[in-house]
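Student: Could you walk me through this structure, one piece at a time? I'd like to begin with the ligand.

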Amino acid sequence: MTSPWSDFVRIERTPNGVGRITLERPKALNALDLGMVRALTEALRAWRDDPTVVAVAVRGMGKDGPFGAFCAGGDIRFFHQAALAGDARLEDFFTEEYALNHLIYTYPKPYLAFMDGVVMGGGMGISQGGRCRIVTERTKMAMPETNIGLFPDVGGGHFLARCPGHVGEYLGLTGTVIGAHAALSWGLADVAAPSADLPRAWEALGTLSANSPAAFEAAWAEWTRRAGWQHAQARTVAPLAPELDAAFAADTVPAIVAALDRAGTEAATQTLALLHQRSPLMLHVVLAQIRRARGMALADVLRMERDLVRHCFHPHHLGRTPAQSETVEGIRALAVDKDHAPRWNPARIDDVTTAMVEPFFASPWPAHAHPLRDLR
Ligand SMILES: CC(C)(COP(=O)([O-])OP(=O)(O)OC[C@H]1O[C@@H](n2cnc3c(N)ncnc32)[C@H](O)[C@@H]1OP(=O)(O)O)[C@@H](O)C(=O)NCCC(=O)NCCSC(=O)/C=C/C[N+](C)(C)C
């Protein structure tokens, strides 16, 4: 049945105690709106507290049926409209989405994410905290937010900071799209499956016999091994190209740019071209976000990101209104006017100052009034 919170979320519980969720908004690549976030949260809380439920799985509906697309992130068109209209639901969305991400990370039962097709932004937020993150040859994974004048949130600081070497900075700043191989190598997936296997795997969830979450996890692991799926432990880590890793180790964005310029390889030149398309302001913010997140617990990372997203849409410290925010401009260019020509402000990486970046990290709320104060 569809959730009472959203027609875009189908919720079912199999007789053997597996909660199954299907995102059903294929025309927007299953982009998440507030109703979908609430539907997921309510289902997950109910199943967490139901002793007869042993595991949960989530997938997306593609244009030709189940699978083929997981989730392209938060509904950026809604962000744009809501920011321009001063719609208070935007703030609720941010708080509730981050709380959902935290719920998934701390979920006491196996959470399986079938990450077939597009997995971006908020799609990473509802999968990276899972215990079994399944990718396929069709997976297109990214944290593309610098392309829309935003930053890799939904726990991006947490999971990007934990990638090997300086992969996290590379992915977060450039928004590069990766496939199954890189996702497995860099700790962003647990198992790779042929997409053709997914329908029977989904059905198998309803047949595995397990009377506890631990027994389910063991039975599922055995099923995937028999199916010949490739587990992350079996892989050697494929590093980022050495010149990219060295460049993204630099202390500042201009120093990263200079290092890529000096390296001059094809990979460095392509990476440099990507960086020059992104919001210069947000490149600086994202570098600081990932570096700070390395020393922080998940709940603190999400609180920091909640502060950052508030400043992104209310950039008073830059003397700008919500309508003049870098994010509203980035979404306009990508998904509203679709001219793909954002007018970033400042336009040049070298023109971003510390005084523009540092206030993003000052919380607009005292600790006792923070919207995510209860996360542990
Ligand atoms: C590269 C993408 C994913 C796919 O490109 P494509 O060419 O294969 O498909 P197309 O762009 O035509 O998309 C099909 C339709 O889906 C709509 N769409 C796609 N993504 C979204 C989205 N995130 N929100 C709303 N609608 C979306 C797209 O407009 C098309 O609709 P029409 O046919 O024009 O009616 C490409 O779609 C893309 O780059 N999408 C954006 C990806 C992105 O930036 N994701 C991150 C979003 S921010 C986020 O997730 C953070 C959330 C946290 N928080 C809320 C707290 C800020």
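**Around the ligand**

Tutor: Helix 3 gives the largest share of the shell around the ligand, three residues, where helices are DSSP runs of H or I with at least four residues, strands are runs of E with at least two, and both are numbered from the N terminus. This is a predicted model, in which local features need pLDDT of at least 70, side-chain atom pairs count only at pLDDT 80 or more, and totals for chains, interfaces and linings use all residues. Residues are numbered from 1 along each chain as its sequence is written.

Student: How many residues surround the ligand, and which are the closest?

Tutor: The ligand is surrounded by 24 residues, and the closest are Ala 31, Ala 72, Gly 73, Gly 74 and Gly 121; a residue counts as near if its C-beta atom, placed from the backbone, lies within 6 Å. Two or more residues come from each of helix 2 (76-85), helix 3 (89-105) and strand 7 (118-120).

Student: What about the shell by class?

Tutor: The shell around the ligand has 15 nonpolar, four polar and five charged residues, with Ala, Val, Leu, Ile, Met, Phe, Trp, Tyr, Cys and Pro counted as nonpolar, Asp, Glu, Lys and Arg as charged, and the others, Gly among them, as polar.

Student: New topic: which residues of helix 11 meet helix 12?

Tutor: Val 257, Leu 260, Asp 261 and Ala 263 in helix 11 meet Ala 268, Thr 271, Leu 272 and Leu 275 in helix 12, contact meaning C-beta atoms, placed from the backbone, within 7 Å. Six residues of this contact are nonpolar, one is polar and one is charged.

Conventions: Two residues are in contact if their C-beta atoms, placed from the backbone, lie within 7 Å.
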